[in-house]
Every structure is written in structure tokens, then in C-alpha cells.
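Subject: Handing over the structure, with notes

Dear colleague,

I am passing on a structure that you have not worked with before, together with my notes on what was found in it. Please keep the sequence and the 3D view open while you read.

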Amino acid sequence: MGATRIPASLTQASQAQGGVGESTPRPDGTLKVTGDFAYASDLWHEDMLWGHTLRSPHAYAEIRSVDVSQALRVPGVYAVLTHADLPAATHYGLEIADQPVLARDVVRCHGEPVAVVAADHPETARRAAARIAVDYRELTPITDEASALAPDAPVLHPGRTDAHAAHVPHPNIVHRQPITRGDVAAARARADVVVSGDYEIGMQDQAFLGPESGLAVPAADGGVDLYVATQWLHSDLRQLAPVLGLPEDKVRMTLSGVGGAFGGREDLSMQAHACLLALHTGKPVKMVYNRFESFFGHVHRHPARLHYEHGASRDGVIQYLTCRIVLDGGAYASASPAVVGNAASLGAGPYAIDNVDIEALALYTNNPPCGAMRGFGAVQACFAYESQMDKLAAALDLHPVELRRRNALSQGAAMPTGQMVDSPAPVAELLRRVRAMPMPPERQWVTADEAGETIDVRALPGGRAGTTHGEGVVRGVGYAVGVKNVGFSEGFDDYSTARVRLQVVAGEPVAAVHTAMAEVGQGGVTVHAQIARTELGVAEVTIHPADTRIGSAGSTSASRQTYVTGGAIRHACELVRERVFDLGRARFGSHHPAWATAELLLEGGKVVTDGGEVLADLADVLGDEVIDVEREWRHRPTEALDPHTGQGFGHVQYSFAAHRAVVEVDTELGLVKVVELACAQDVGKALNPLSVTGQIQGGSTQGLGLALLEEIVVADGKVRNPSFTDYLIPTIVDTPSIPVDVLELADPHAPYGLRGVGEAPTLSATPAIVAAIRAATGLPLRRVPVRPEHLTGT
């Protein structure tokens, strides 16, 4: 078949030194900042073809016919496949197999794949796809709750047999989760103050910079090798093998360089299409989406409508909460059931509330499919409950932080699900810390006439693009705090697999770590090497490319990889270490009684006692032996929430973050500048403090995007802004100073006491910014992203 060029970044050894708790540089860092890192879009094979996807221009339509004859006549075209050409399974899905590989009788969303083309040049493939004639009969799309649940609404997925179908009152509801606890009616009767509100969150895109891409190479054994940018190799494998009609051992997957993910790569995109074309043509097939295609090639954050009501006593203690959270899941289920579970179970926020009545549900519509995105259901709820906290504080004439402090969760308190919080929950302390951080200095704005040329307009709302010179600019300060689960929940078998090999190479002990963890930019390869150095006392650690030759590591999502895959690596290292000690006892035990009596450690390439006495060099103990251990590791089990009451031990761990936002708003032009976005977060244990700070700042910035800029605009089911020209993400100009105060209160149930970091700051950044804008303008602002017209009334 010829040679496949595998990017050097896939086999990058960890050259950086440092163990757990140290700010260790990333082994892929230099390659990325110099532009030398190879991503999946850089893959190449000497005789490869290029794949392209024909997508539906309609949100909802019947397919009457598909004619590919003109496409096949284009010189350079090797194959055109439709639903009729699929060799085996025709549908796939993360939890519910409801998504067609290629549409057959109907398209349910704008951009749904209808056919795929393989040609000798990407432009040839695009031109051929344009010649495929599809006869559609447009149907009236379902676009909201009213049209989805109307008595005469068409059922988008008739004949559902999934586990959630039995617990929903309408087939267009993907999943519904109620949570009830206490006596809301009695609590409402004794409440002195009641506040309610309706809130809305727009559809946010993950906006990763590296588009969907991969290379499928047919193999001599009839199987296929797929090099791909993904978040979860084994989930892809589980869905792919049935579609290809192959056993899993003939679908071999290797992780390629990933240019960001944030949940958008959990679902299949080009994987099945590239493999089908490769197996059909007998040639390698590469597929790389452009930015337009990428907006249709992955799921997005669920837009949501939420109604909340809180009642409190005069002293500011919350007596009850009721809420209804409606998430638009779009055309296919993706991760919607799990997102519903998170939105419901975390819907009360980080507050101790004894009486709750929560309902969360996700709908099937003809809007773009929605699924996993950083914050995963908790983001939507956090905007609503934190908006309510500000409203309740105003009604009680309390400082917003004081109201939150009086109701803050703490260790030993109960969540609405009845689950006890059995690790530190320093909500009040995080609020205290973020409030106490130094405030950025006030600026005295003057008019352009008074200032002459002295004002740097880059510091003003709107920057160089704005027209303000300080007129009408006011400052506001806002606070928010959020709670996010860590790891997979509700009884999911959440585990990871790690293989650790220890041997002597060129006279030095070297450890090799092999997992299927997807490195998507979060820094897992750095932390995993740190764990191996700490546990085995070696300087040299090589991280093996992630692939499916080893057991699953689960998804790089839910802030879980350091916890679960890190835990698996630590466990494997512990077993390797014990074998080292057994070797040492056999070889040297007769020469020194400490081998049998002392607590032994591996430090600095040596075997030492806990008192610091050196017993032997690790290289001498190993000799020619190679110690190789592969093990699965699981965190403590969770359980499914009761489908009627929502009670149960649903989450393995909780993560907390608080923000204080300082904004300046031009009230005449509706322009907003975030001056500072301070964060305090408990991380349990900072395994790599530099990476922890980076994760908190990155999550905060993504929350800023949802607050002010980012929204996929959908009208009648069609995406109107599928490009970075019209879909706006924060740039360095928009990103404020983000001081971070890291608190380390160890979770006794987690490896090293760590707590997942990456998602929690995304939650509270958004409502803190909006609270600051409300403080500056006095406007209610119940929807994000906040647009200029929301501030000016135009």
C-alpha cells in the first residue's frame, strides 16, 4: 500500500523533568508554539484519495431519490456512496443509535450527510459531490418546545426502544429527569421573599481550531487502520466496527494530533465515512473538514430555556427551589441524556436547599444536534441559578456574596439528589477569597475633547473598532459560583487502562506509559509522565501513542482524565514498584536486612529506605529484566438516579469555582469590555500548578465567550453563521486579566487528593460577567450571549 507518514508528535517522548506537584513544561509545547506540531490534518499517504461529504441543505425533508451518475462521471472520482451502499449497520450514536451513517428516506437537520465521495484531489471530490442530484420534499421543521410537543407534532424518531423511552411522556423528548426532595409546598408557605425568572442560553460551538480530520488506510487482512483526531478512541471503535461489518480487532485506531475538542469530538464525524470509502476503493482516504463543514460536523452546546423560582426567609436562608430546564437536543440524541442528568442534579447549584422540585428534559427537534461541551449541562443551570441569587440578594437587601455565603454547601451537606458531599466543599471560602482579591483600579473617563489624543482606545469598550472615547462608560462588578461533577456519572462503568513498562536502556532506567487517553490539549501527557516519575523514581519517561491496542481510557471529557487515567497509571506503577522490590529482595536481600524490614521507596533512580538509606541503584536491581504491567482502574461506583424522584449517588466527585467580574460598559453604544475576571477554585491537589492555572484561565475565557460573543444563530432549523467571520470567539484583545487563586483541599477518595479542574471555571465565568453588566446598567439581562441591542434597547 505504500508508507503512511505518522507525525512525530504522536511518538513524542517526555523530555521534561519533574514529578507530581511541580510546574513541568509540556513535551508537546515547543512543537505547538513553533508550528511544528503535526495535527490530524497533516497526515499523508503516498497514494491516498480525498473524501468529501454531501450534506442536506434542508432542516427537515423527505428524500425522494438520489442520483449519483453525474458525480461518477467526473474524472478522478473513485467512489460515491449513499445509504444503499452501506455494508452493515446503518446507524450509530453515543448512547442511542439513532443517527444514520448516511441519510436514507429523510433528513432531520441542516447539514446531515447524504452521500460521500472519494477522488484523487479534494477539489475534484467537492465538484463531484455538487453533481449528486437529490430530490427533496421539504417538511415543516420542529424548532422549539411548542412544535415538538404539539398534539399533531410528527414523531422524529418513531419506534424508539432505548432505555429512556419508557420514562418520557412524549416520543420527541429524548430524556426527562425530575428531582424532588423535601416539601416544597410547605416551604413556599413560610417563605418571606419569593423571586422567579425566565432565562435563555444560546447555542454555543466548541470552536476548536483544528477541524475534524483523519486518514483511513485499508489493510491486507481486510481491516482498516484509522488515524484520527478524537476524544474517545474506544467509543469510536464500538460504533465504527458494526457500521463497517468488521470485528473490533480489525478496526485499529491511533490518535493523531488533536487541535482542541471541548466535547465536540465525542461523537463520530468523518470516521465512518473515511473508513467506508477506504474499504470500498482499496485505497487510503483522507478527510479534512473546512470550517464551514466543521460547524455541521459536530454537536454543539444545548440551547436552553429555564424557569426558576426561589423562596427565602427574611434572614436570607433559601427555603425552597423549583425549576424547569428545557434543553434543545436537536435532531439526534448524542449525549443529551447525560446532559439532562447533569442539568437536573446540579440545578440547585452549590447551595444547601432542603426542598426542591426540579425538572430537566431534552427535546428532539430539527435544529442542529447538541451534545457534550465543556460544562455539560451545568453551564446552563448555573447561569439561571446565579442570576436568581443576585435577584434574591437585591430583594433581601444583602450583598450578593453574603447571600451566597449564608446558603453555601459544605462538606456533609446533601445535594438535591440526597447524595452527601463527602469531600471538602469550600464554597464560602472561595467566595471570600475572590471577593478579597485586589480590585483593578478605577479609570476616570473623560471625553475626547477633554483628553485630546491621550486615550488609548484599545482600553475602551469596543477597542479600536468602537467609536466611544469614554462617554457613557460605567463600571460594574459581579460575582458567581458554580458546582460541576467530575467523571462519568449515574452508574456508568467509568474506568481507564494503563500499561507501564520499566527497563534499563543504555544503562539508565526508563519507564514507558501506554494508555488510550486522547491528548486534546489539556496536558494529560505531561501529568502522566509526572506520575510515572513520582511513583518509579525515574527521570526518563516515554508516553506511547494512544491507540486501541490497549484497553479503553474513556473520553477526554468530564474533567476525568487526570483522575481516572492518572489513577490507572499510578496503580500500574505501584504494581511495577512492588515487582522491583521483589527483584531487589531476591538479588540483594541477603546482603542487607533493610530489604526485608524497611519501608522501601524509589527515588532518584535508586531503591532507598524511608529513612533515606540507599540500598541499590534501580538499574542494578533491574538488570536485563523488563517489568511490564497492564491494569484497569476504577473510581468508586456511582448509581443511576431514580427516574421519578432523582435520588441516588449520582456523581463521584464535585468541583467548585467562583468568579468576580469587573466590566466597563458603554451604555450608549452597548459595548462591553471585561476588565478583569478573577477566579478562586479548589483543585484538591495541583499535580502541575502551571497547567492548572492555564486550565482555569482557558475555561474562564470560554465562559466569557458565552456571556458576550458566541452563538450559533439558527432560523427555521438552518444555521445562519457557520464561519468564524460571523461566529465570534474571544481573541487576545477580548481576554482580560484572569488572576487565579488556587485552593488545595484534598479529596480523600481521589488519587493524590486531586479534583478535576477544567470545566468548573466555565460555569461561573458567564453569570459573573452578566451580573457585572447588570450592576453597571441596571438592566435585567436574562439571556446570553448579551448583545449590544440588549443594552441599548435598539
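This is a predicted model: local features need pLDDT of at least 70, side-chain atom pairs count only at pLDDT 80 or more; totals for chains, interfaces and linings use all residues.

The pairing of β20 with strand β28 (residues 653-666) is antiparallel and extends over 14 bridges; within it, R475 has E664 in β28 as its bridge partner.

Two helices in contact

Helix α19 (residues 760-777) also packs with helix α10 (residues 378-396), at an angle of about 35 degrees and with the axes 8 Å apart. The crossing in which α10 passes α19 is right-handed. On the α10 side the contact includes A378, V379, C382 and F383, and on the α19 side it includes L763, P767, V770 and R774. Sorted by kind, the residues of this contact are eight nonpolar, four polar and three charged.

In soluble globular proteins, nonpolar side chains tend to be buried together. In this model the largest nonpolar core has 101 residues, and those with the most contacts inside it are Y308, I325 and I769. Helix α10 gives the largest share of this core, namely eleven residues. If residues up to four places away in sequence are not counted, I769 touches A661, V663, V674, L677, L704, A707 and L708. Another core, of 93 residues, lies apart from this one, and V243, V500, L600 and I627 are among its members.

The sheet with β23

A further open sheet is formed by four strands in the order β23-β22-β21-β27, again with mixed pairing. Here the edge strands are β23 and β27 (627-634), each pairing on one side only, and the twist from one strand to the next averages 20 degrees. Strands β21 and β22 run antiparallel and are joined by seven bridges, with A511 in β22 as the bridge partner of L502. Two helices pack on this sheet: helix α14 (residues 524-536) touches β21, β22 and β23, with a direction at about 140 degrees to that of β23, while helix α15 (residues 561-588) touches β21, β22 and β27, with a direction at about 140 degrees to that of β27.

Strand β22 (residues 508-514) pairs with β23 in the parallel sense, over four bridges, and A512 has T542 in β23 as its bridge partner.

R501 lies in strand β21 (residues 495-505) and counts as partly exposed, at 29% relative accessibility. Although R501 and A512 are eleven residues apart along the chain, their C-alpha atoms are separated by 5.1 Å. Leaving aside residues up to four places away in sequence, R501 touches V510, A511, A512, V626, I627 and D628.

Backbone details

Most residues other than glycine have a negative phi, and most peptide bonds are trans. D716, in the loop between β30 (714-715) and β31 (718-719), has a positive phi, near 55 degrees, and is exposed, with a relative accessible area of 60%. L781, in the loop between α19 and β33, has a positive phi of about 50 degrees although it is not a glycine, but L781 counts as buried, at 7% relative accessibility. Finally, a cis peptide bond, with omega about 0 degrees, joins V784 and P785, and P785 lies in the loop between β33 (783-784) and α20 (788-792).

With best regards

Terms used:
Residues are numbered from 1 along each chain as its sequence is written. Side-chain values use heavy atoms; hydrogens and water are left out. Axes are lines fitted to C-alpha atoms, for helices over the stretch in contact, and angles run from 0 to 180 degrees between N-to-C directions. A crossing is left-handed if the near helix is turned anticlockwise from the far one by less than a right angle, and right-handed if clockwise. Contact means heavy atoms within 4.5 Å. Ala, Val, Leu, Ile, Met, Phe, Trp, Tyr, Cys and Pro count as nonpolar, Asp, Glu, Lys and Arg as charged, and the others, Gly among them, as polar. Two strands pair if DSSP finds at least two bridges between them. A nonpolar core is a set of buried Ala, Val, Leu, Ile, Met, Phe, Trp, Tyr and Cys residues joined through side-chain atoms within 4.5 Å. Buried means under 20% relative accessible area, exposed over 50%, partly exposed in between (1.4 Å probe, protein chains only).
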